[in-house]
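Biologist: Please show me the model, and let us discuss how its terms are applied.

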Amino acid sequence: LESFVATLRRVQAFESAHEHGDSGLKPFEQKLVEEVKAAKETVRKFNLCFEEEVDSDFYLWRADVRLVLSTWSDFRDLEDLHNYFVHKLSNLLAPRLAVKTARGEGNDAKVKAETGAQMENDARNNGTDNNNCMEEEKEEGKVKEDAVKPECASQKPKVGTEHMEREECEESKEEELDDGSMTRSVSTRRKRRSTQQKTADSRSGKTKKHKSVSGKSSSGSLKDAFYDSIPEMKALRDTLAKARKVRAQARKGLQKKWKPDSNFANRFLESCKKIPLVEIKEVEQLKAKVQVYCVCRSVYNEGVFMIGCDSCGEWYHPKCIGLSESKAKGMDDFICTRCTS
């Protein structure tokens with residue numbers, strides 16, 4: 001176990017010293033990756049549970065992501081790596097505050113965890129103090145209200161004599177009315193009260209909904225910040241977002257049967273250039289039906305021989321550029337007239 005930890009720390013130190021930043025993301029050295037895998041398998045034979053296993057899984061995941069993003073890969077491999085991190089590694093890394101564990105900062109993570117616990121205790125103590133202060137303020141307010149109530153009661157008859165007279169007049173009028181009219185007035189009052197309660201309840205419900213939505217967005221922003229703090233995860237998410245967008249275009253094109261060299265097809269081919277190293281089944285199917293080659297701007301046919309330009313990568317029919325098929329097959333290098341001119 002000690003030799004495994006020493007190997008892991010040495011490899012992490014080497015990779016962090018040769019880091020090229022977020023834009024580089026060059027693959028790790030395969031010898032070091034194989035060395036970490038071998039050490040991990042050796043430790044697993046003893047059925048030991050150790051904390052550094054999470055660090056080794058995280059390092060190997062980073063190595064796989066860098067290798068997949070730098071070479072020709074399948075779309076499903078990218079999704080598997082993304083799901084593995086979201087459903088397994090993130091749950092292990094986030095509680096330990098191990099965003100920077102790949103660079104060997106385990107001690108800093110422990111210090112951060114201790115400071116976080118202290119901050120939580122301080123917040124709880126402050127909350128209890130605030131609650132006590134609020135209770136004291138409420139008691140003082142009740143005492144003041146009890147002192148003010150008799151004064152208000154003595155002042156009410158003097159100020160509201162006109163209002164009392166109006167109410168007495170209305171009561172006398174209602175006594176003169178029939179029973180049917182009295183029931184109507186009571187029913188109208190009840191209706192008004194019910195409508196007022198409904199509006200109040202709806203407003204309170206809306207505020208609760210808004211609070212819940214804001215809570216979800218805050219949790220989502222925290223996850224995004226955590227993912228973006230890892231360069232490999234950020235690059236993987238960006239590549240997946242572009243690939244999913246292109247895949248949606250390909251499915252739409254296959255469904256609506258886009259024609260070759262049309263505006264929709266050209267936009268689709270331009271978007272495919274953003275993910276040159278990702279292979280998607282639907283994208284390849286639509287490319288075969290939409291992408292055109294040569295001067296004649298025709299679709300690729302498996303039974304027809306074509307020669308490719310070594311400079312721009314465009315493919316041509318030998319007949320369209322004035323060459324015989326036998327001569328084109330014998331050429332080791334070929335550069336088209338567009339590149340030469």
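Biologist: What volume does the largest pocket have?

Modeller: The largest pocket has a volume of about 580 Å³. On a 1 Å grid over the protein atoms alone, a pocket is an open set of points where a 1.4 Å probe fits, with protein on both sides within 12 Å along at least five of seven lines; lining residues have an atom within 4 Å of a point. Grid points are joined across faces, edges and corners, and the volume is the space filled by probe spheres set on the points. This is a predicted model: local features need pLDDT of at least 70, side-chain atom pairs count only at pLDDT 80 or more, and totals for chains, interfaces and linings use all residues. Residues are numbered from 1 along each chain as its sequence is written, and side-chain values use heavy atoms, leaving out hydrogens and water.

Biologist: Which residues lie closest to the centre of the largest pocket?

Modeller: Of its 23 lining residues, the closest are Leu-269, Cys-272, Lys-273, Lys-287 and Gln-291.

Biologist: What volume does the second largest pocket have?

Modeller: The second largest pocket has about 320 Å³, and 17 residues line it, with Leu-69 and Ala-235 among those nearest its centre.

Biologist: Why is Lys-40 called buried?

Modeller: Buried means under 20% relative accessible area, computed with a 1.4 Å probe on protein chains only. Lys-40 has 5% relative accessibility, and therefore counts as buried.

Biologist: Which residues does Lys-40 contact beyond its neighbours within four places in sequence?

Modeller: Contact means heavy atoms within 4.5 Å. Lys-40 is in contact with Phe-4, Glu-53, Ser-56, Asp-57 and Leu-60.

Definitions and conventions. Buried < 20%, exposed > 50% of the residue type's maximum accessible area, 1.4 Å probe, protein only.
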